[in-house]
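Please walk through this protein chain step by step.

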Amino acid sequence: MRDARVAGSIRDARPDATLFERIGAFLDEQKLSPDPAHYAFAYAVMSAPGSELAAQVAALTQDGVRLTRSDIERLGGTVIDGPPPGRSRRPNGVADTNPVPDTAIALVIETQQQVDGFVQIVRTMQAETHGFGRELARSAASITQLAEIDEIAEITSAMIARIHDSEVRLAAATAETDSLRSKLIEARDTARRDVLTGLPNRRAFEEAFATRDRDAGPYCLALCDIDRFKRINDVHGHGVGDRVLTAIGQAMAAECAPHLVVRHGGEEFAVLLGGIALAEAADMLDAVRSTVAGKRFRNRETDTALGVITVSAGVTAIHADEAAETAFQRADQLLYTAKKNGRDRVCAG
């Protein structure tokens, strides 16, 4: 009965949801930010639905009532001040294309480290318990041959049964933890990938820029923008515009491989080029520009030609120990120059 109440207290949780998904649903329903302290409390509740803690939470959250701060602290949890998870927004008020809070990313990294350590502990316990069970079984077989100590044999058999039950539960915990680790790896990848185009996103670019091997240089940065993209959306609709964005992004990634191409936001892409000089980088981006200009896009619903679609780019060499913001400002100015000078061109400097 207590299990049913706990499950019912999370209205959006699927019956077949994993522990990871149930914990996420609990945090969302209780409006708790993805802080490790909140995660630990949610884990204690959701991992043991038959426990006294789960029963108290179920009683407090009947009919969709949320836990208060005092409720959580009285139950042994900790409440950390901070905004609950939600969509992040850019300074201009436009929703970010990858709304993943920084706290969630930190939680993913920290939890994955904890899970990795826990997996190793559980597996070690499982191996040791299994070995002990074998030794005990052999001892029990010998003891059973001595009729005058039947009571010892019964006790030993009971211990073997308990060991077997522990092994089963440890195996289940290991499987659950492996599943959680896979979910966390997937979450880390999702946090660094643009949902629409499938390309890496701005966060992935920032990390790659910060961790680049400076001895493998020189490095260049390119900013590319689809020319007159608003007109495509206005005339043909955002669905067509999304497909054009995706097609051009994928074409850029193929042309620039193995260099990193990301969707930087809106109709803008950024490229981090390593191990090539500025002149070679400019030639590569000009080849991308030419490839895009040669494509003939059509509206697949109406079979209407979209006309020639072009891109402009600004390419600059990244100076040693230069901040990403400084390099971006220079590349953005070069991109502006390319636009001002007629579009469908690459400006390098």
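A residue is called buried if its relative accessible area is under 20%, exposed if it is over 50%, and partly exposed in between, using a 1.4 Å probe and protein chains only. The areas themselves come from the Shrake-Rupley method with a 1.4 Å probe, and for residues only the protein chains shown count as cover. This is a predicted model, in which local features need pLDDT of at least 70 and side-chain atom pairs count only at pLDDT 80 or more, while totals for chains, interfaces and linings use all residues. Residues are numbered from 1 along each chain as its sequence is written, and side-chain values use heavy atoms, with hydrogens and water left out.

The chain has 349 residues, and 37% of them count as buried. Its accessible surface is about 18,900 Å², and carbon and sulfur atoms account for 54% of that. The chain holds 12 helices and seven strands; these are DSSP runs numbered from the N terminus, with helices (H or I) of at least four residues and strands (E) of at least two. A contact means heavy atoms within 4.5 Å. Among contacts between residues at least 6 apart in sequence, 66% join residues at least 24 apart.

In soluble globular proteins, nonpolar side chains tend to be buried together. A nonpolar core is a set of buried Ala, Val, Leu, Ile, Met, Phe, Trp, Tyr and Cys residues joined through side-chain atoms within 4.5 Å. The largest such core here has 29 residues, and those with the most contacts inside it include I226, V244 and I248. At least two residues of this core come from each of β1 (219–226), α9 (229–236), α10 (238–256), β3 (268–274), α11 (278–294) and β6 (311–317). The biggest share, six residues, is given by α10. Setting aside residues up to four places away in sequence, I226 touches L245, I248, E267, F269, I309, T310, V311 and K339. There is also a second, separate core of 18 residues, with L19, F26, L53 and V79 among them.

Aromatic rings can also pair. Rings of Phe, Tyr and Trp (its six-membered ring) pair if their centres lie within 6.5 Å; planes under 30 degrees apart count as stacked, over 60 as edge-to-face and the rest as tilted. By this rule there are two aromatic pairs. The ring centres of F26 and F41 are 6.2 Å apart and the planes stand at 50°, so this pair is tilted. Because F26 belongs to helix α2 (residues 19–29) and F41 to helix α3 (residues 36–46), the pair ties together parts 15 residues apart in sequence. F26 is buried, at a relative accessible area of 1%, and F41 is buried at 6%. The rings of F205 and F328 have centres 5.4 Å apart and planes at 65°, so they are edge-to-face. This pair links F205 in helix α8 (residues 202–210) with F328 in helix α12 (residues 324–340), 123 residues apart.

Where does R212 lie? R212 is in the loop between α8 and β1. Its relative accessibility is 9%, so R212 counts as buried. The charged end of R212 sits over the ring of F209, 4.2 Å from the ring centre (the rule asks for NZ of Lys or CZ of Arg within 6 Å of the ring centre and within 35 degrees of the ring normal). R212 also lies over the face of Y219, at 5.7 Å from the ring centre. Leaving out neighbours within four places in sequence, R212 is in contact with Y219, I318, H319 and E322.
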